[in-house]
Amino acid sequence: MKSILETSCYLLLMTLICYISVEFVIMNTEVSDIREVQQYAAHFIEIYGKNDNIQEADDNKNSGIPEQFNLDANSYKKLAEYAEKEGMRFECSYEAATDEYVYYRICISGNIGVRIFNLEKEYKAESLVKCPIY
């Protein structure tokens, strides 16, 4: 009887360890998905991104961002829709400018967590992206 009880306890313990391991693999996959979307957004801005030259003085004076350095609305909208489709959030902000490039800081964020402990965490992947000035 003792061996059956002991074996059952070991099986329960091993099951719990396996389940926690699977949860960590799932969490790692979610982090990889966020990084993949972040890399996609960075490449998209480098290839297709343009600077919006629309003079919206009232909107941009309050934000402190020079009007000529806003990311064009079409690129921003496409990236935000793509990130939303993947279950993530997209943010892009002006960082700096040189004679040839404008630099934007992009942030892709999404929830990751371990379901067995009901833990949720917001994970953010940030990067600096350069966009040529046309």
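In the predicted model, Val114 stands opposite Leu119 of strand E5, where strands are DSSP runs of E with at least two residues and helices are DSSP runs of H or I with at least four, both numbered from the N terminus. These two residues belong to the pairing of strand E4 (residues 101-114) with E5, in which 14 bridges join strands that run antiparallel; two strands are taken to pair if DSSP finds at least two bridges between them. Further along this pairing, Cys107 stands opposite Glu126 in E5. The hairpin of E4 and E5 has four residues between the strands, and in it Asn118 takes a positive phi near 55°. Residues are numbered from 1 along each chain as its sequence is written, and the side-chain values use heavy atoms, with hydrogens and water left out. Because this is a predicted model, local features need pLDDT of at least 70 and side-chain atom pairs count only at pLDDT 80 or more, whereas totals for chains, interfaces and linings use all residues.

On its other pairing, E4 is joined to E3 by eight bridges, and these two strands likewise run antiparallel. Within this pair, Phe90 stands opposite Ile108 in E4, and the hairpin that joins E3 to E4 passes through three residues. The three strands form an open sheet in the order E3-E4-E5, with antiparallel pairing. E3 and strand E5 (119-132) stand at the edges, each with a single partner strand, so one side of each is left without a neighbour in the sheet. From one strand to the next, the twist averages 20°. Helix H1 packs on this sheet and touches E3, E4 and E5, its direction making about 160° with that of E4; contact here means heavy atoms within 4.5 Å, while axes are lines fitted to C-alpha atoms, for helices over the stretch in contact, and angles run from 0 to 180 degrees between N-to-C directions.

When its neighbours within four places in sequence are left aside, Gln38 is in contact with Ile106, Ile108, Ala125, Glu126 and Ser127. Glu30 also lies in helix H1 and is buried, with a relative accessible area of 18%. With neighbours within four places in sequence again excluded, Glu30 is in contact with Asn111, Ile112, Gly113 and Arg115.

Helix H3 (residues 73-85) has 13 residues and reaches 18 Å from its first C-alpha to its last, close to the 18 Å expected at 1.5 Å a residue, the expected span being 1.5 Å times one less than the number of residues. Ser75, Leu79 and Ala83 are buried in H3. Seen down the axis of H3, its buried residues fall within an arc of 60°, so they line one face of the helix; the arc is that of the directions from the helix axis to the C-beta atoms. An α-helix has 3.6 residues a turn, so residues three or four places apart point the same way. The buried residues of H3 pack against H1, strand E2 (70-71) and strand E3 (89-97), whereas the face turned away from the buried side carries the exposed residues Ala73, Lys77, Glu84 and Lys85. Just after H3, Gly87 takes a positive phi of about 85°.

In the loop between E3 and E4 lies Thr98, which is partly exposed, with a relative accessible area of 40%. Apart from its neighbours within four places in sequence, Thr98 is in contact with Tyr103 and Ile133. Thr98 and Lys130 are 32 residues apart in sequence and 9.9 Å apart in space, C-alpha to C-alpha.

Over the whole chain there are three helices and five strands, and from the N terminus on the elements run α-β-α-β-α-β-β-β. Buried residues make up 30% of the 134 residues in the chain. Of the contacts in the chain with a separation of 6 or more, 55% are accounted for by residues 24 or more positions apart.

How values were computed: Buried means under 20% relative accessible area, exposed over 50%, partly exposed in between (1.4 Å probe, protein chains only).
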